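Please look over the sequence and the model, then read the notes grouped by topic.

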Amino acid sequence: MVITNISNSKDIKIENGIIVEIGDNLNDNEIFDAKNLKIFPLCVDLNVKNSESISKLNQKALEGGVGTILMIPKHKPIYNKLHLAYNLTKDKDIDLMVAIEAIHDNKLTDIHILVDKGASALFINSDEDMNLIKRVFQYAEMLKVPVFIDANNKALLGVGQMNASDKAYSLGLEGIENYVESVEVAKILEFSKYFDVKIVFQSITTKESLELLKNRDRNRIFVDVCIDNLLYTDENIGEFNTLFKTFPPLRSKEDQKALLEALKNEEIDFISSNHVATSDEFKDVAFEVAEFGIAKLDKFAKLVYGLDVDQNIITKMVSKNPAKLFNLNEGEIEIGKKAKLMLVDDEHKFNIEKVFLFS
């Protein structure tokens, strides 16, 4: 098949799901007229919480321009062979990678076995027992798999409901201080120097954390930022709007500005959705008891490419860089790469007109 009349690319020829030629006036028995739409690689989303069924995630991912996801076991722990197999063997169109809990109930899980069975990454909370974290890093170094870190201190978190700010004070809500995240980033960053392991700090939200990570070893230490914190601030909560209650919390305008500057300067590595499915009945309640989380997988590409940032930088953050982390043969429009592509009407807020997802 040849995709022709693309506004931001030459013709693209695809055989057996692989891009085999890029050039002018390519010919094939099957021609797809792009009608001057733009073409981009599908997104690779490295932070999708397992808060709903695989079939629903599959549907929402395709609607949102996402062809590959990493399932993070935050809501329904994935820590044994049954949990892992259940997710990996489900029918789906997208490519599904699974991160497994490396520490469960204050014990190491069967990390080696689970990686052999198909786990792609390890997931830990930064405030686990440090001796257990040391052993997780040793396993990761031996098995050559990345470790995804939720950098938040639960003891410092308390019963915080939103960012600690004048806004929280005015609403009478307990706030979540920036140091709940940054002290954990500092600890793990220092500890990681003693291990040859790739570490991803997930959903970084604060200017202090960015400053700590600025001079990191970029071959080993990676920074993920959630689209929520690039788009919104704690001011969006207004008068107890539970739709903007998420974790990590929406931060201040100053933090948002630091995140956007880091993005434009390519000082972060990934943008992810931090997708969490929440039901309306658990959002239409008092703010203090409402669920944390914002569902956005089904509009991820539209949201991220809607940022006032160079589209080439966005493609790096949501496609090229995450694919490179896992050595996936996708994420770029290049000869030899998988043809996991989307055509979009860029003039109308990045409406996705066609997805090419060849197995």
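The side chain of Thr205 makes polar contacts with the side chains of Glu181 (2.8 Å) and Arg251 (3.1 Å). A polar contact is a pair of N or O atoms within 3.5 Å; within protein, one must be able to donate a hydrogen and the other to accept it, and residues adjacent in sequence count only if both atoms are side-chain atoms. This is a predicted model, in which local features need pLDDT of at least 70 and side-chain atom pairs count only at pLDDT 80 or more, while totals for chains, interfaces and linings use all residues. Residues are numbered from 1 along each chain as its sequence is written, and side-chain values use heavy atoms, with hydrogens and water left out.

**Around Thr205**
- Thr205 sits in the loop between β15 (199–201) and α8 (207–213); helices (H or I, at least four residues) and strands (E, at least two) are DSSP runs, numbered from the N terminus.
- Thr205 is buried, at a relative accessible area of 0%, where buried means under 20%, exposed over 50% and partly exposed in between (1.4 Å probe, protein chains only).
- Beyond its neighbours within four places in sequence, Thr205 is in contact (heavy atoms within 4.5 Å) with Glu181, Asn229, Pro248, Pro249, Arg251, Asp255 and Leu259.

**Helix α7**
- Val180 lies in helix α7 and is buried, with 0% relative accessibility.
- Not counting residues up to four places away in sequence, Val180 touches Ala151, Asn152, Asn153, Leu156 and Leu157.
- Val180 and Lys154 are 26 residues apart in sequence, and their C-alpha atoms are 7.8 Å apart in space.
- Val183 is also found in helix α7 (residues 179–192), but Val183 is partly exposed, with a relative accessible area of 37%.
- Together, Leu156, Tyr179 and Val183 make a nonpolar surface patch of about 260 Å².
- Patches are made of residues with over 30% relative accessible area and no salt bridge, like charges being joined within 9 Å and nonpolar side chains (Val, Leu, Ile, Met, Phe, Trp, Tyr) within 5 Å; accessible areas come from the Shrake-Rupley method with a 1.4 Å probe, and for residues only the protein chains shown count as cover.

**Salt bridges**
- The structure holds 20 salt bridges, each a side-chain nitrogen of Lys or Arg within 4 Å of a carboxyl oxygen of Asp or Glu.
- One of them joins the side chains of Asp346 and Lys38 (3.0 Å, N to O).
- Asp346 lies in the loop between β18 (340–345) and β19 (351–357) and Lys38 in strand β5 (residues 38–41), so this pair ties together parts that are 308 residues apart in sequence.
- Asp95 forms a salt bridge with Lys340, with the closest N and O atoms 2.7 Å apart.
- That pair links strand β8 (residues 95–101), which holds Asp95, to strand β18, which holds Lys340, 245 residues apart.
- Asp95 is partly exposed at 33% relative accessibility, whereas Lys340 is buried at 3%.
- A network of salt bridges links Lys207, Glu208, Glu254 and Asp255.

**Cysteines**
- The count of disulfides is zero, a disulfide being a pair of cysteine sulfur atoms within 2.5 Å.
- Cys43 is in no disulfide, and the nearest cysteine sulfur, that of Cys226, is 14 Å away.
- Cys43 is buried, with a relative accessible area of 0%, and Cys226 is buried at 0% relative accessibility.
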